[in-house]
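Subject: Structure handover

Hello,

Here is the structure you asked about. Please open it first, then read my notes below.

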Amino acid sequence: MDKKMNLTIVYIDDDKKMQEDAFIDDISDMVDEIQYYEKPAEGLAYVKKNIDKNIVVILDWKFNSSTIQGDDVLKDIDEVSVLVPVIVFTGASIDASEANKMFKGNAFSCVPKDSDTTALVNAIHNAYDRIQNDIRSVMEKWILKQDAEKRNKPYMRSGDMVYTLNDILNSIRKQDEFGKETTRGILSLATELFTNNMREK
Amino acid sequence: MENNSPSILHFKFDVSTFRLLGRELITDRITALFELVKNCYDANAEKVDITFDSLNPLSEKSRIIIRDDGLGMTFEDIRDKWMVIGTSSKRRKKTSPAPYNRVVAGKKGVGRFAVDKLGGKLVMKTKKKGSSVWHCLETDWTKYSEEEDRQLKLDFEENQVEQKLFTDIDNKYWTEPGETEVQGTVLEISSLNDVWLERDVIRAYRELSKIVRPTLNVKYPFNIKFHVPEYKAYDDKLVESLVLAKATLSYALKYRFDTGEQKYYQEYLEESKGSLVVKEKETEIFGPIGFTIYYYDQEGKKNFTKEDRIDGIKVYRDGIIATPFAEYKSSRDEQKDLFGIDKRRWSGFFEKLSTRDILGWVDITDELNPNIKDSTNRQDFVDNKEWNALQVFVISQIHQVELYLKHKKDYKKKENAEKLKNAGNDLDDIKQKVKRLKGQTLLISPEVDNELDEIASKLETIKQNVSASTKDYERMEEDKRQQENIMFSLVSLQAYAGQISHILRISIGIIKRSAEFVAKWVSLGQKQDKSIKHAHRIFEEMNNLSKAMNFMLSYAEDDSTFEFFGIKDSITELFEDRYHYLFEEENIKAEYAVEDDFELSYNKKAFQDMFGNLIDNSVKAMRNCQDKRIKCSVYRENDNLVMLFSDNGPGIPDEIRDRIFDVFYTTTADLGGAGLGLYIVRTRLNAIKGTITLEPNEFKPTGATFKIVIPLIH
């Protein structure tokens, strides 16, 4: 039996009948919770509000009922945080130009709707691994562990700017210039520490 | 004219290269000619003259002369490039020298060897601008064949390092004086290998017409002219791009500057009563533009090869393509639909043109259209109001072409029908006149009177023929309408096939995962409730699949042909036979009233299936109602058959009114609704130009009423 994941699945699909899909019943024991949304905007609102949770989004690609399509939702999620893995789950045929939209939107993976649950579970596991192992997610988790007061106090200075931990968290999530720079810095530092250790041995 | 000191130049080559390039790559003489002309194109020539002299029968005088006004060669070019086989300076550079920047057409530097295919002897004269001499070179290819034979006899194993593999063949070289301003190259090929029949020249013409690419920017034209004194049809004939020549419609809109008013005026197209008129108006905010559009019907499209594709409207700035993405892409999907031409197709399937039907370009200039700017990534234009206005302009012009195509046919038909009718009336007129003449006995001799009788009788026969023809014509029109109907059904089937594959994929996935669930948990003896739920789900989904299949089958079955059937009979059959049992079982009071009975030419089964879908929906919607009612009324309104279909269920909430005709949309998933029914109804009605709309409910206080309109003359 797979180890339970500390994870919230946000499933956005306007085909209501998918709410009853077997994969949901199948994985309900593997994750903390599964949130189903028929409307992309509502799913997005949930992600925004619960951004501090470990979230994997499963996203339908073609929405019949709305002008908003999968690639728009990808973009919106990216603007909230690039650290939320999005698995596209679609019945549409994906040609080069559609695949291109997914890559551009940083989709984590794409699972066709005629796949078995195992394929979906594998994709969720991979996404969860990324949340666990991605240096940016690790930094995010570390900041989230600090108490609220500490997170609002100036933490570091870079050039003329002073940043609180929350500023850093935000930058890492959005991967703006400072966010990228910080990530690179931490990675270099970690590598440095790791190799120092090797030398001492 | 010959220079006093002719010298000798040598070709450097080995036998295998010669064989490969000269014989194997250039498989026939048309290709050979094609390659030579490509060389002219790559040398930035704007004009190529090809003279075929004394082609049939062959004589001392027989010649093919290819003369261009391209860049020409220096002595060094001849010695180091032309004379060294297998080199290709073209391969290193993908475009010809600026400002032409043509995408190089010639391949692998084999063009010069194409000459071998055409004739045994070549005199080449070439000159660059600025130089005062023509460089002239005479090559006798027959000598190469001799050398080839000699080399082929060499023992390769024993002579591995023997440089004799490379040969020294004498080529006479000399110079001739020329005007400094002139440039170009002349290839005069004699000792021709083959007789050229007229059909060979025609083939050459057709092949060469492909070089003149429709998207070639107009600033640097490339014209090929044939001179064939023996075949008059091709003498002094400009080779036109067949592709453009075969366009079904073409328009080139220009602009002009009015010096008096100091204003620019723009030409534009406007459809009016079945014709397309070029009009003029003040320029819009994007500035004056040139707009060239070609439209191709199926016949026109046949002239296109894979390379010469019809691919929509491009934008050229000062003659150069404005955005790199519009250049050749191997996959259509990679091409950007700059003006959103194809996007519109979703809103109307039949009348909209797509990028596969039209080809053209918008010519803008830096000076006159400063606000049409490339975005920084060169993938698009900056999204400003000028660009938006230009998009609107282009789309509106395409729309005028669409209107024209649509109306032209109708007007023409009407006109013809009118003419036939008039012919009948004219004949009546003449008959009257003959009658009047006959009445004037004083003026008419008995002979003339007899003649008049004969004329009158012949007129009667003609009139009968005309009226028979008119009937034939009407019958033909009717046949044609039916054929069109079938075609529309097929097109809607095509659209449906795309949707159905989507449905199948989703259904199969649902079944697969439910089955996986059942298989997994039942064997573990866990999640029993859920396993039962998913077993049911498999069953329901299978039913959905069956429905989708049946719908597809109803198209595929033999009885899907059109037939005439009475509306009243058909509706009666539905209510009294097909659904009678269901109505009884569900306690539904079903009533129908057919006020006017008509014959409809349609697929009867498809017609009944539409009602079947509506009835199914109503039955599901009314499942929790007490007093269940369904009502269907049919009547005629102008040239339309109108059917109102109502139930007194809970009705359709406002917020989903717009969605009910969408595929997959269902509010009765729990009852096995697949969201297909109304979609199918709408698709089928659209196929016969009918409509279905949701109307205010007939039954009060709640209920749903659908109105179906089918044109009786469709």
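A contact here means heavy atoms within 4.5 Å. With that rule, residues 24 or more positions apart account for 73% of the contacts in chain B with a separation of 6 or more. For chain A, 62% of the contacts between residues at least 6 apart in sequence join residues at least 24 apart.

Some ground rules. This is a predicted model: local features need pLDDT of at least 70, side-chain atom pairs count only at pLDDT 80 or more, and totals for chains, interfaces and linings use all residues. Residues are numbered from 1 along each chain as its sequence is written, chains are lettered from A and ligands numbered from 1 in the order in which they are written, and side-chain values use heavy atoms, with hydrogens and water left out.

The two chains

Helices (H or I, at least four residues) and strands (E, at least two) are DSSP runs, numbered from the N terminus. Chain A has 9 helices and 7 strands. Chain B has 16 helices and 24 strands.

Buried means under 20% relative accessible area, exposed means over 50%, and partly exposed is in between (1.4 Å probe, protein chains only). Chain A has 201 residues, and 46% of them count as buried. Chain B has 714 residues, with 45% buried.

Accessible areas come from the Shrake-Rupley method with a 1.4 Å probe; for residues, only the protein chains shown count as cover. Chain A exposes about 10400 Å², 50% of it from carbon and sulfur atoms. Chain B exposes about 37600 Å², 51% of it from those atoms.

Cores

A nonpolar core is a set of buried Ala, Val, Leu, Ile, Met, Phe, Trp, Tyr and Cys residues joined through side-chain atoms within 4.5 Å. The largest has 42 residues, and B:Ile50, B:Trp196 and B:Phe226 touch the most other members. Helix 2 (residues 29-42) of chain B gives the largest share of this core, 8 residues. A second, separate core has 40 residues, including B:Phe598 and B:Ile660.

Aromatic rings

Rings of Phe, Tyr and Trp (its six-membered ring) pair if their centres lie within 6.5 Å; planes under 30 degrees apart count as stacked, over 60 as edge-to-face and the rest as tilted. Over all chains there are 27 aromatic pairs. B:Phe52 and B:Phe226 have ring centres 5.4 Å apart and planes at 55°, so this pair is tilted. B:Phe52 lies in strand 2 (residues 47-53) and B:Phe226 in strand 8 (residues 223-227) of chain B, 174 residues apart. Both B:Phe52 and B:Phe226 are buried.

B:Phe575 and B:Tyr592 also make a tilted pair, because their centres are 5.1 Å apart and their planes are at 35°. B:Phe575 counts as buried at 4% relative accessibility, whereas B:Tyr592 is partly exposed at 27%.

Ring pairs also link B:Phe52, B:Trp196, B:Tyr205, B:Phe226 and B:Tyr234 into a cluster.

A charge sits over a ring if NZ of Lys or CZ of Arg is within 6 Å of the ring centre and within 35 degrees of the ring normal. The charged end of B:Arg29 sits over the ring of B:Trp196, 4.8 Å from its centre. B:Lys281 lies over the face of B:Tyr268, 4.7 Å from the ring centre.

Cysteines

How many disulfides are there over all chains? The count is 0, where a disulfide is a pair of cysteine sulfur atoms within 2.5 Å. B:Cys40 is buried, at 4% relative accessibility. A:Cys110 is partly exposed, at 35%.

Best wishes
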